[in-house]
2 protein chains.
Amino acid sequence: MGFMKTLLSNALIIPMTAEGFSLRGDIGIDGKHIAFIGEKPAEFTPDTVIDASSFLVMPALVNAHTHLSMELMRNYKDNAPNLQQWLGEIFPIEDKLNAHDVLIASRLGVIELIQSGITTFNDMYFFPESTARAVNEGGIRGCIGISLFGDLSDTKKRIQERELVMKESMSVSGGRIHLDIAPHAIYTCTKETYQYGHDWAKEHQRRMHTHLSETLKEVTDCLAANHKTPLEYLLEIGVLSDVPSTLAHCVHLTESDVALLKTLDASVVHNPSSNCKLASGVAPIGKYFRAGINVALGTDGSSSNNNLNMFEEMHVASLLSTAFSGDISNLKPYQILEMATINGAKALGLEHQIGTLEVGKEADLLLLDLHKAHLTPLNDPFSALVYSAQASDVHSVFCQGQLVMDNRKVLGFDYDTTLDETNASWKEILKR
Amino acid sequence: MGFMKTLLSNALIIPMTAEGFSLRGDIGIDGKHIAFIGEKPAEFTPDTVIDASSFLVMPALVNAHTHLSMELMRNYKDNAPNLQQWLGEIFPIEDKLNAHDVLIASRLGVIELIQSGITTFNDMYFFPESTARAVNEGGIRGCIGISLFGDLSDTKKRIQERELVMKESMSVSGGRIHLDIAPHAIYTCTKETYQYGHDWAKEHQRRMHTHLSETLKEVTDCLAANHKTPLEYLLEIGVLSDVPSTLAHCVHLTESDVALLKTLDASVVHNPSSNCKLASGVAPIGKYFRAGINVALGTDGSSSNNNLNMFEEMHVASLLSTAFSGDISNLKPYQILEMATINGAKALGLEHQIGTLEVGKEADLLLLDLHKAHLTPLNDPFSALVYSAQASDVHSVFCQGQLVMDNRKVLGFDYDTTLDETNASWKEILKR
């Protein structure tokens, strides 16, 4: 595909570059990049013109923490009486999965992401090469982690295998796929695994993605074993101070954890639906914001959410933060939107490419249909996005200047085939 | 319109008659009523056949507490630093509204309700005759309250005026509109207003709809003034023990309030989005369930939500209840669904007509499109409805046997005209 020029005319634009700032104008996309915002220069001759006068245009969303292929386990054995029993149902399923299962599930996941206006996600699961393939088919962006569990011999093997199979996907991704290291958690990985993962990240100049302080149990067990909080433990074993990291959950950070976090190149990813559903607790994200920590937003996997819907996630994050702080202005809608856009980009080291609409940045953006009963009157568009909109309001999505969804139709896949294959796959997995 | 027979064939049916019960089968609608569920009798000859094989069919939802015309104030001045300042922006607007404004806003509200699968709502606002007119145009069902504020002379006047103008709407409603009494709250109404309202409800054999124990301030002020909780106060002044009541919010009930509530013909309406957004607190609905109190679900008005989306409300109710209780099985999806269907019907005294799919009941039902990425695989349909579905998955809606939305198109109104009129109205109201 050559360098296509697209004009989105007369849109309500939310660039996410300054609090409360919006403008009515044109956006020009030239090839991969945003060429102009506001007024079309005379010399810009578009190949395609989209009348965006009934759309809001904003940066496409960043889902900063997920396990994409857990799509399969959506609403499966959901009503276990406690977390341990539920995990007891899930783990045996995961042991049975193969690369093809993950490919099918990832295709479904990519469709679902795009339908919610998401073009970038941060993943941690098995067979990352399958997920990467689906990302390429969908034309979106992914930071894909090599998941690590267990001890060092396990870890060396996992990294070696996955690095090999990831080469191809990454080479054809146009820079849209990044390989990261993802040690699962301190209670599933040895110290040596974390250290080896850290060394890999440092050598490859990549990032570490891990679960941190998700539950009180994780924290109290760590304190009992190490006399340190999980964050202090990771610092002590030398894995956080010199590689950038994305720390999922951070529900139970202490005051000194928060102070420590500020000194690191680390972002928190808030996953409110998952935290509530699994009764993990409510992360005090207002406090993290005020401490100057970068807080991004994620859905976690579809088996503890149970979808990949970032509009719902923003809504829940906002309501929770107000309810639990008791302060109706605790976090403004604009800050919630930052979590889902520029903060997510920062969390993944992509803030120079995406996360805002700025001339020269890559054109990852969503067009949201404002001609909806539930968005009428619009009044404050920032509030509307967080409190009134639903994912299905997203009409079209661009990633790196290419249209990936057009009027609710995701372009990279055959929708019916993907749904059918997912159902067939899942039925067969349950029989294994 | 004569007695039309409609066949919905091969649906996944959730009748809401027994926990966890679903069946694949046919549903027959004959005129206003459900004629059969499961297997089509040979003698049933439908006028219309809908292939429901990719749909889930369940009772249409009941929004048990709202202020429909607050649609106008959706996302308006939302970012006030506290509740009092926000109310200070809202009240002057409300003083300016006339019957025509409320008609326009109610039409938008009815569209939005139907688009979320809701056919019954419980309203409390000004100019109820305008809302009733919109209900008739939309073909849905409403329990519409005469809102009471202030002292007795005010109250007598309001009731007299509104009773008169409501007569016509109710006579053409086919039994779908009910007039109730709605004293706003103990801090906006005198004791005499409540008592007069109570007497009216008793005489007309209707219900009382009021806000109760929404905020800690309401409770502490009442304790200071009366040495009683709001519920105890209303009991003492004689307004709750012999009329059925719908008590909105009930965020801050004491243990003895809960015990008292059990002795009354009273339902709680839980409005989690509103309670969170306004930092009112989190109602411990699990506790109310266990005490055997009927708990229904509501969205409140669109200026403290900010939509009328009961799928979101179910989702938020579930997440909050788990997070707040710390117990992942605190309320099961089935119980959340009961809140939005049969419990709502009970709260409004309509449980013999609607709230479940049963032969002989009126045919208020929704068809939900399961052919969605975010509902694949389906696994547990009850979990799917609460954790994965979105309002826009609702494909078609029947109310009293009549189709009111067909493949996302609401039939009673011109959609574009309604949105345009709302925007024009609101623009003009702001200039008054």
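Guide: In this predicted model, the centres of domain 1 of chain A and domain 2 of chain A, taken over C-alpha atoms, are 28 Å apart. Domain 1 covers 5-59 + 353-410 and domain 2 covers 61-347, with bounds from an automatic or database domain assignment.

Visitor: How do you know what area the two domains of chain A bury between them?

Guide: Buried area is the accessible area (1.4 Å probe) that two parts lose on being put together, summed over both. Here that is about 2600 Å², with 66% of it on carbon and sulfur atoms. Met16(A), Val386(A) and Tyr387(A) supply 23% of the area that domain 1 buries against domain 2, more than any other three residues.

Visitor: Why is the pair Glu362(A) and Arg141(A) called a salt bridge?

Guide: The term requires a side-chain nitrogen of Lys or Arg within 4 Å of a carboxyl oxygen of Asp or Glu. The N to O distance between these side chains is 2.9 Å, so the pair qualifies as a salt bridge. The count between domain 1 and domain 2 of chain A is three salt bridges.

Visitor: What are the ground rules?

Guide: Residues are numbered from 1 along each chain as its sequence is written, and chains are lettered from A in the order in which they are written. Local features need pLDDT of at least 70, side-chain atom pairs count only at pLDDT 80 or more, and totals for chains, interfaces and linings use all residues, while side-chain values use heavy atoms, leaving out hydrogens and water.
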